[in-house]
Amino acid sequence: MTKRKTKSRIFAAVHETASDLHRLGFIDKRKMRKYDVLCLEPVPEYDAARIRALRENLHLSQAVLASVLNTSLSTVRKWEVGDKKPSGPSLKLLNLIERKGLDAVI
């Protein structure tokens, strides 16, 4: 089981039990996702300033960040000026990079 931040100790226990039941085949993937949503803290939103600050702290150009996130340069530019917001896999990768560093995704 991977360690992920939960809403509380009770939710952590519930999620750990559900993960074990899923691993043993008693809970299907769809039901496990419901436990993930219920028990785990959501990925925070990233606004333009936060994305720019993260990129600058890592000393990356917009092009390199786009490559790391497997997205286009224009998308990263739009995030940094506030025209668009990251979502889905990009949002999770940004959060992972912020928490664990660039080495976690390379």
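N70 is exposed, with a relative accessible area of 72%. For that label, exposed means over 50% relative accessible area, buried means under 20%, and partly exposed is in between, using a 1.4 Å probe and protein chains only. N70 sits in the loop between helix 4 and helix 5. Its phi is positive, about 55°, although N70 is not a glycine.

A word on the source. This is a predicted model, where local features need pLDDT of at least 70, side-chain atom pairs count only at pLDDT 80 or more, and totals for chains, interfaces and linings use all residues. Residues are numbered from 1 along each chain as its sequence is written, and side-chain values use heavy atoms, with hydrogens and water left out.

pLDDT is the predictor's confidence in each residue, from 0 to 100. The chain averages 91, and 94% of the residues score at least 70. Helices here are DSSP runs of H or I with at least four residues, strands are runs of E with at least two, and both are numbered from the N terminus.

Back to the loops. H59 lies in the loop between helix 3 and helix 4 (62–68). H59 also has a positive phi, about 60°, and is not a glycine. At 72% relative accessibility, H59 counts as exposed.

Next, F11, which is in helix 1 (residues 9–23). F11 counts as partly exposed because its relative accessibility is 27%.

Last, a helix pair. How do helix 3 and helix 6 cross, and at what angle? The axes of helix 3 (residues 48–57) and helix 6 (residues 88–100) come within 11 Å and cross at roughly 50°. Axes are lines fitted to C-alpha atoms, for helices over the stretch in contact, and angles run from 0 to 180 degrees between N-to-C directions. The two helices are therefore oblique to each other. Under 35 degrees would be roughly parallel, over 145 roughly antiparallel, 65 to 115 roughly perpendicular, and the rest is oblique.

Which residues meet there? R50, I51 and L54 in helix 3 meet L94, I97 and E98 in helix 6, where contact means heavy atoms within 4.5 Å.
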